[in-house]
There are 4 protein chains.
Amino acid sequence: MAEREKPRLGVAMIGHSFMGRVHSQAWRSATRFFDLPMEPRMRVVVGRDAQRSKIAAQRLGWVESATDWRRVIERKDVDLIDICTPGDTHAEIAEAALQAGKHVLVEKPMANSVAEAQRMNDAAHRARARGVHAMVGFTYRRVPALKLAQELIAEGRIGEVRQVRAQYLQDWLGDESAPLSWRLDKTRAGSGALGDIGAHIVDLTCFLTGQRFAGVSGMLETFVAERPLAAAAPVPVAGGGIGGSRGGGLGGGFEASGEAPGPAAMGQVTVDDAALVTARLISGAPVILEASRFAWGRKNALRIEISGSRGAVSFDFEDMNVLHYYDATQPGRTAGFTRILATEPEHPYLEAWWPPGHGLGYEHGFTHQVVDLVRGIAAGEDPRPSFEDGLHVQRVLEAIEHSSGTAQQWTEIHDQERR
Amino acid sequence: MAEREKPRLGVAMIGHSFMGRVHSQAWRSATRFFDLPMEPRMRVVVGRDAQRSKIAAQRLGWVESATDWRRVIERKDVDLIDICTPGDTHAEIAEAALQAGKHVLVEKPMANSVAEAQRMNDAAHRARARGVHAMVGFTYRRVPALKLAQELIAEGRIGEVRQVRAQYLQDWLGDESAPLSWRLDKTRAGSGALGDIGAHIVDLTCFLTGQRFAGVSGMLETFVAERPLAAAAPVPVAGGGIGGSRGGGLGGGFEASGEAPGPAAMGQVTVDDAALVTARLISGAPVILEASRFAWGRKNALRIEISGSRGAVSFDFEDMNVLHYYDATQPGRTAGFTRILATEPEHPYLEAWWPPGHGLGYEHGFTHQVVDLVRGIAAGEDPRPSFEDGLHVQRVLEAIEHSSGTAQQWTEIHDQERR
Amino acid sequence: MAEREKPRLGVAMIGHSFMGRVHSQAWRSATRFFDLPMEPRMRVVVGRDAQRSKIAAQRLGWVESATDWRRVIERKDVDLIDICTPGDTHAEIAEAALQAGKHVLVEKPMANSVAEAQRMNDAAHRARARGVHAMVGFTYRRVPALKLAQELIAEGRIGEVRQVRAQYLQDWLGDESAPLSWRLDKTRAGSGALGDIGAHIVDLTCFLTGQRFAGVSGMLETFVAERPLAAAAPVPVAGGGIGGSRGGGLGGGFEASGEAPGPAAMGQVTVDDAALVTARLISGAPVILEASRFAWGRKNALRIEISGSRGAVSFDFEDMNVLHYYDATQPGRTAGFTRILATEPEHPYLEAWWPPGHGLGYEHGFTHQVVDLVRGIAAGEDPRPSFEDGLHVQRVLEAIEHSSGTAQQWTEIHDQERR
Amino acid sequence: MAEREKPRLGVAMIGHSFMGRVHSQAWRSATRFFDLPMEPRMRVVVGRDAQRSKIAAQRLGWVESATDWRRVIERKDVDLIDICTPGDTHAEIAEAALQAGKHVLVEKPMANSVAEAQRMNDAAHRARARGVHAMVGFTYRRVPALKLAQELIAEGRIGEVRQVRAQYLQDWLGDESAPLSWRLDKTRAGSGALGDIGAHIVDLTCFLTGQRFAGVSGMLETFVAERPLAAAAPVPVAGGGIGGSRGGGLGGGFEASGEAPGPAAMGQVTVDDAALVTARLISGAPVILEASRFAWGRKNALRIEISGSRGAVSFDFEDMNVLHYYDATQPGRTAGFTRILATEPEHPYLEAWWPPGHGLGYEHGFTHQVVDLVRGIAAGEDPRPSFEDGLHVQRVLEAIEHSSGTAQQWTEIHDQERR
């Protein structure tokens, strides 16, 4: 049978919390909707706690569970390591996996520092020579409306890029009584809004424009410096928008369990709550970015608008199936932003899904990510965003932090990849 | 292990085209995100063509395939029949399955006539006494924003229902060169826009208001009376909105293959392209409905707004994660429709999914349908929409057709279910 | 001076309440922004009460006030009578004015019955032969975005008209404690939502499609049959949306003052609160209409969408500077409704106003109405909407009432104008 | 008569182009809709060219015209000078007028430099002691939805201000063939997008938060450095969005007429096309601002969103009658941004206008400005925005320019007003 003769791709996933759940749905769904050149097999999920990992395997569709990722990357039946743990573990796991000859998909942000990202990129560079591939999980690149935007820009449909404006606004920290979690701990998370969500709009800017950043000026702000430790956290008073699921349990088995703190125990927030950035691309085009987890009423408002010399595109993830496109070459009388419902068979990834207007959701971007990753591996091509792409994002994040610490001084970004 | 001790629920699905693909994703996903009291097993998919059915089984995740649904409903390891075929086959299959003691999930519209629906409902009534359950697949009831609307109305948050206005607008037939398909053939499909999409807003009106229809006045219209037969159909000239995937192949293995027609062969459209309805609920509340597959630019615009004595709710499927709610008891100064992004943990079905703002898509309603169905079966309760609910919708559709044929004469609807 | 040599057009306005205030602003503004072939002079405003009329003249910019409209229409320095009184007075005033050789602008609805409208149209027909012109104030025809829609349709930009769907939704009667006013009295107002706001969408349908109605089926509904008399009315409990200014004082001096009723005095509502209509145009195209003053949260939601064979236009007065246009001939990949901000110099009436994006408001339609009226008179052409247009609308309204009284029976509309 | 006994306020307007036209409509309309404590008289309009000024007087409703503003400010029957000329003339006229004991309304930006603004403020300070008042025309403060926002914030309805994000986007310079105008000449206009539209969002930030700016980091960009001189300008190729009316003639009689340039004559653009700013308020709250006249498809998109500790408000001038308000204290289940149509009688300025939903337009803000100015003068209170407010804006603009010239270095703002 043709189907059976496809080469198999053994997959191991490390971490099984929020990101692990989405990645699992992607691995389960990709082959149901897309023709893939290889057949992924969900071999094993890895977590710290044996019992919880076992339950996760059952629930998420992995054949087995394990607790020692080092052994898993040595398994012969595992070809790809999907890293869904907090950022402070990425470098170590990714380097080891690549070294062991395993393809790697690593969640964003790629790492917690440029140094780590550089090491990972070096490892990916060496691995590539041996046919081993690595990719960073900036999944919004695979939202059909955003992929369509990228294609329209690449085709010149907005002319030369003149300006980029983007925001990534959430509000789940708006309530000061929301508890501390690993995402508010610099050691674990690297940074706050900047790396968690700001990284996405930095990457999307690169993806959509086909350019890198030349320099930045940035401001970081922490609104609430101290929060109740998880066990001490009261029920939030302000109900609107306190997402419960991003909290303590998000480490996916890789988080220290911790002692139950006393009733009034408070902890320090060591990351930024918001990041404000002005920047320039290599072409000189100005960019303005904001990331905030304190923007009440905005739940997942990843917005990006790119103005070119002949048009513009505009997107908001809260209406994720829609791309707005302005064509400045049309007559003024009927000019305006066109609301493209990116659910037509002509749209990226859509031939696999439902009829027009029957929209996709958040998880579909992850399915498309798996599709592109598997196709890339089969073709022997490095899937984008590559570790070089991820390293660049890391450099931008670090430059923003540097600028923020030096009175917003303009900070140049120097990429020195070997190519 | 607790998980293994759950009772199993063997599922067979008949038909594997558009609806079969969505139902399969629902069966595959439900247990991944929800705790179910029974463990569904995707035993067998049934189609006319052995080879295509085998491929479908592999692709969609069913253990086996078969071509004779009569044998399948006799299988001991099959507990539930999921009917995804065109409407003209529903009654026969559902009756036989219920008779054989199998639970039934039947896609909407329930049947092609009231007589068929009545027979099905009688069969369901008899089956219920033996602990066998039946449900109609009006899946939009399980869109979180619409379920939230239903709950708010049931809690009195808009007061007494005064008016219902609803539209279901698509445009995939707007191009007169789009080919004939079984959906345009009265024998197969029962009716056109009326039964295909109008049925949904009839059902949603009942669901949201908790009422049935008392009478209707209706107008049916066919804009394009003749269309190219599928093989003869040219590539559509007008690109915007011609959905390719609802066409000839949608019968899911139950469609006659047909001879390839000559180049200019045309066929008759025997169903309505649009339905316009005014109606009243049992309470006397006026209802206005429109279904059209010719509304250029509207891809899947299922819109419903209900005005009550103290507020209103409003919904549009093209922005499916949002419910708009107006509370008339608030002070005028800050009154307005509130855009509720129905993606919070407090919202129906959402505790199982992603953080706020990370929206769901079309297929999730089907997953929730499976969840409610399995829970209902396990609890020995009849899941809604029941066959009585489906029969009522069928009566409304028939009354609309009758009114349309008699100068829009007011046509009363009489439900005479045994209860 | 060229400006001084322009022929003057003496204007008298009868009624000085809500409509009188808007019309006055239009007369004051038209010459400030548009080059008119005649110079309107605001000679006199007429009301029942001498003192209130005098204050109105001062406030609204009329040279004088008067209380006897019969004398005013005989004045030599008055060339045009602008009728802003309740509907039951329109026929008498308009006939007399036309008879006296005065041009007439009459607020909508033209009259309270077909018989009255017919008499008015006959009078206009006779007057026309003597160079005297008459126009009905369906002012929404002069909203730039709607005029643009009309032009696009006339140019074939949406192909043949297939369907019309329109709503006119308000909520100022949603609160059952809102008091009675002349607008709820059939004798004064003719009808309720039907004539007050339904008339607008009937007229707009004719305007936009260039067609008349062939027949209708209609349902009228009164939700609240009894209301407090004005003086007895308590402060509304539900704050959102109870417009205070459409109430008792709206007669503009033509309303009976009345005795102060006792504290619990209630009065009968003798008009409809909502009208639901299905209809067909002369071409056979189906039309669906709803008018309601009970649609909580909708303040002035006049919405109309027209689907043609090659595209569609869509409008909502709550976003009055925007027209949405769908061009079905564009490729599906970038197809979608284009949001045209109708504030460009290329747009109707806009050359007179502000730069793009600096939107217009409600009153501007009235200014444009004056502009078109004066230009029509100067050119010796009958401005549209003519009394024939208004008579047709009246026939549609009457047919809807007739249908509503006869079980929604299909009711044909026969126009028999002399032409 | 009470009306006649009101003190009169003789008004002279200098400049009669775009701004002069709007201001004239405001002076004409204010008394028609609002009860004012003084009666404004539109005495004289001043322009350079006698003939054009005479026509302007006639057209715009001023009794007389004049060409020498110095004489006009000496007139006894003139009490207030309304300055609508380009920014380079503001200081001289305003100082002289205040010195002459005349109230002053000056269009924004107040001046072309801090030095000028300081002189003007000193003059206003001296004048105030003599009962003479001065105001800057930041008219967007008087848009009802924005005034409502200010009131809600002042009442604590969003808690403490945490962040401000604002954009002012237009596209009328997007076409590189659009001609040079005085607005692109630093000598006349002071700056480009920064002062023209950026000034508005700087002022609105102060207005809405009740705070001043503490410091800024800014980037200025000029996309098109050279443009055709007006007479040489070809008809724009890209039609969408090239506003014709802001061009050469906008000086309102105060612009040098110039020689007709040769066919290929080009001139230098000496101002910025876009400004990107990060800033902090006195409280430390971060602010992010962008002004651009190159944002294709955005016609007058003045957008501002303020996130507080308990809620947020959001506004877009392209939908100017709407304020979006998020109340974070409401339960999450029904939380969301509420779309407040700010057209209720309870809303600022609305009691004077039309029923709910009958929206206002751009010019109404100017009418409200006149109303507040006249009321302030009559009450002997200094109307806001005062010259101190305007001076602060000027300081912010200058600091942005300074930062832009010094690698975006953080630049503090020091207000040293005498109080």
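Colleague: By what turn and shift can chain B be laid on chain C, and with what RMSD?

Modeller: Chain B is laid on chain C by a turn of 180° and a shift of 0.0 Å along the axis, and the RMSD is 0.0 Å. The superposition is by least squares on the C-alpha atoms of residues with pLDDT of at least 70 in both copies. The two copies are thus related as by a two-fold rotation axis. In chain B, B:Q409 has the C-alpha nearest the axis, 2.6 Å from it.

Colleague: On what kind of model does this rest, and how are its parts labelled?

Modeller: This is a predicted model, in which local features need pLDDT of at least 70 and side-chain atom pairs count only at pLDDT 80 or more, while totals for chains, interfaces and linings use all residues. Residues are numbered from 1 along each chain as its sequence is written, and chains are lettered from A and ligands numbered from 1 in the order in which they are written.

Colleague: What rotation superposes chain A on chain D?

Modeller: A rotation of 180° does so, with 0.0 Å of shift along its axis and an RMSD of 0.0 Å. In chain A, the C-alpha nearest that axis belongs to A:Q409, at 2.6 Å.

Colleague: How do you know through which surface the copies A and D meet?

Modeller: Residues are in contact if their C-beta atoms, placed from the backbone, lie within 7 Å. Of the interface residues of chain A, 100% are also interface residues in chain D, so the copies meet through the same surface. For chains B and C the figure is likewise 100% of the interface residues of chain B, so these copies also meet through the same surface.

Colleague: What makes up the contact between chains A and D?

Modeller: It takes 41 residues from chain A and 41 residues from chain D. On the side of chain A that touches chain D, the strands that each supply at least two residues include β7 (161–169), β8 (213–221) and β12 (286–292). The largest share, four residues, comes from β12(A). Strands here are DSSP runs of E, at least two residues, and helices are runs of H or I, at least four, numbered from the N terminus.

Colleague: Why is A:Y349 called buried?

Modeller: A residue is buried if 20 or more other C-beta atoms lie within 10 Å of its own, with C-beta atoms placed from the backbone. A:Y349 has 21 within 10 Å, and is therefore buried. D:Y349 also has 21 other C-beta atoms within 10 Å, and is therefore buried.

Colleague: What makes the peptide bond from A:K108 to A:P109 cis or trans?

Modeller: Its omega is near -10°, and the bond is cis. Most peptide bonds are trans. A:P109 is in the loop between β5 (103–107) and α6 (114–128) of chain A. The bond from B:K108 to B:P109 is also cis, with omega near -10°.

Methods: Two residues are in contact if their C-beta atoms, placed from the backbone, lie within 7 Å. A residue is buried if 20 or more other C-beta atoms lie within 10 Å of its own, exposed if 12 or fewer, and partly exposed in between; C-beta atoms are placed from the backbone.
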